Amino acid sequence: MLSREENEELCRVGPGTLMGDLLRQYWIPFLPSRELPEPDFRPIKVRLLGEDLIAFRDTEGRVGLLDENCPHRGANLFWARNEECGLRCVYHGWKFDVNGTCVDMPNEPEESDFKYKVKAVAYPVRELNGALWTYMGPQATPPPFPPFEVNTLPAEHVAPPHIMLEECNWVQGLEGDIDSSHIDWVHARLNQQKSAQPYVMGTFNKDKRPKLEVLTTDYGGVYSASRQWDESGTRWHRITQYLLPFHTMIAAGAPDAVHLRSWVPIDDEHHMLFSQQARLDRPITPEERAQANNPFKPLGGYVPQDPANPLTRYLSVPRLANSYNIDLDLQKKELVFGVPFVGNLQDRAMTEAMGPIYKRWKEHLGSTDAMVIFVRRRLLGAAHNLRESGAVPGNVHDPSINRVRPASILLPPSESWSDATMQSRLADAGAPIAWVPMIQ
Ligand code: FES
Ligand SMILES: [Fe+2]
């Protein structure tokens, strides 16, 4: 439970807010490269951390991210002309390059040096393996770019970002990913018998009382949720990483697969799950690429995108407004929850329907919420430290400590999961990924 004041501090992301300041210390993935498919493609609207911005790809292929209001008299650069390495505002013709430098001011006297004094707000952008990242913070020189495995593997081993817009605050989405207990309910089947229908799948664990153990790390934290696996007392540990400020690596997926899941705030009441998957052993197949580009295809895909409204980008057809097209017959006969296990749709239904910003002062947390409690405290602690002393978490200046992996492992009851997975949780230790399938 949090007080109303703590809840506000945790959730709000705009400029000058406590959490907004912490988030702005980090590089943030904000758009897949595919949204700007070619040089001089039309500018597109982006909302990020509550700021309205315009992204564009210039004639040389570089990507710019500018405040949407032209620094002259505020016209919207969404309608700007993307021409010869810059955006030209259509109101009076001022032109800006990807760095925000004013490169032309055609309505002022030729001899005027005014253009050298005007700069558009521009955030630096890095493009890597199909994803665009930006740094919106106060430092003139951004911190080192984070070498997550999805950023350092060869491009052909990394799938395009798989994205889901969520119509609620980002902390709700993040908390869902570090809450292992829900896999026995919202993702579960009612019967041991597997369904004959496609996309009707789910977990079926006998032990639905996971024991959680949380460890603090320099980059955030890691926890195990363990369940009894068999009569001999063997325990199944699902070990999930949390990396400040909003990344997770959950114990799921497949052997030889690594991933990064980022719960990116769009504004206080919207965020996106920006998920990147990669294979260590082979290139991504064309089928896997197609699936990542349109993960909700079996359920109707995404709603048509309105380029003037970033809140329509990556909004799936099943959504809060239509109760996710829930199938109550399916809920009666096969699944705990009658929304299919496609992408994170079941999770999203749970977190969106809590309300746009969940009121954490009304809740009652139990032992299986230990990681949720930890992550809130970690975020609020880091944000207060920054505000009070200017100190930032270790993974801002040394993002190499983010090179970790989740794990899933069967162990005798007496064995320590943290010792047993010490090597497999490090991306560079040369150990195989510790993996047990979640869906049996
Ligand atoms: S408002 Fe953009 S050039 Fe005048
Ligand atoms: Fe889930």
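Student: Why does Ser323 count as partly exposed?
Tutor: Ser323 has 13 C-beta neighbours inside 10 Å. A residue is buried if 20 or more other C-beta atoms lie within 10 Å of its own, exposed if 12 or fewer, and partly exposed in between; C-beta atoms are placed from the backbone. The value 13 is in between, so Ser323 counts as partly exposed.
Tutor: A note on the source: this is a predicted model, in which local features need pLDDT of at least 70 and side-chain atom pairs count only at pLDDT 80 or more, while totals for chains, interfaces and linings use all residues. Residues are numbered from 1 along each chain as its sequence is written, and chains are lettered from A and ligands numbered from 1 in the order in which they are written.

Student: What is the phi of Ser323, and where does the residue sit?
Tutor: Its phi is near 50°, a positive value, and Ser323 is not a glycine. Most residues other than glycine have a negative phi. Ser323 lies in the loop between helix H5 (286-293) and helix H6 (328-333). Helices (H or I, at least four residues) and strands (E, at least two) are DSSP runs, numbered from the N terminus.

Student: Why does Asn325 count as partly exposed?
Tutor: Asn325 has 15 C-beta neighbours inside 10 Å, and therefore counts as partly exposed. Asn325 is found in the loop between H5 and H6, and has a positive phi of about 50° without being a glycine.

Student: What makes the bond from Leu244 to Pro245 cis?
Tutor: Its omega is near 0°. Most peptide bonds are trans. Pro245 belongs to the loop between strand E14 (235-243) and strand E15 (247-249).

Student: What makes E2 and E3 a pair?
Tutor: Two strands pair if DSSP finds at least two bridges between them. Five bridges join E2 to E3, so the two strands pair, and they run antiparallel. Val46 has Leu53 in E3 as its bridge partner. E2 and E3 form a hairpin with two residues between them, and Leu49 in the turn has a positive phi of about 50°.

Student: Why are E5 and E8 placed at the edges of their sheet?
Tutor: Their sheet is open, has four strands and runs in the order E5-E6-E7-E8. Strand E5 (81-82) and strand E8 (102-104) each have a single partner strand, so one side of each is left without a neighbour in the sheet. E5 and strand E6 (residues 87-88) pair over two bridges, so this pair meets the limit of at least two.

Student: How many residues of domain 1 are in contact with domain 2?
Tutor: 17 residues of domain 1 are in contact with 18 residues of domain 2. Two residues are in contact if their C-beta atoms lie within 7 Å. Domain 1 (27-135) and domain 2 (149-420) have bounds from the domain assignment of the chain, which is automatic or from a database.
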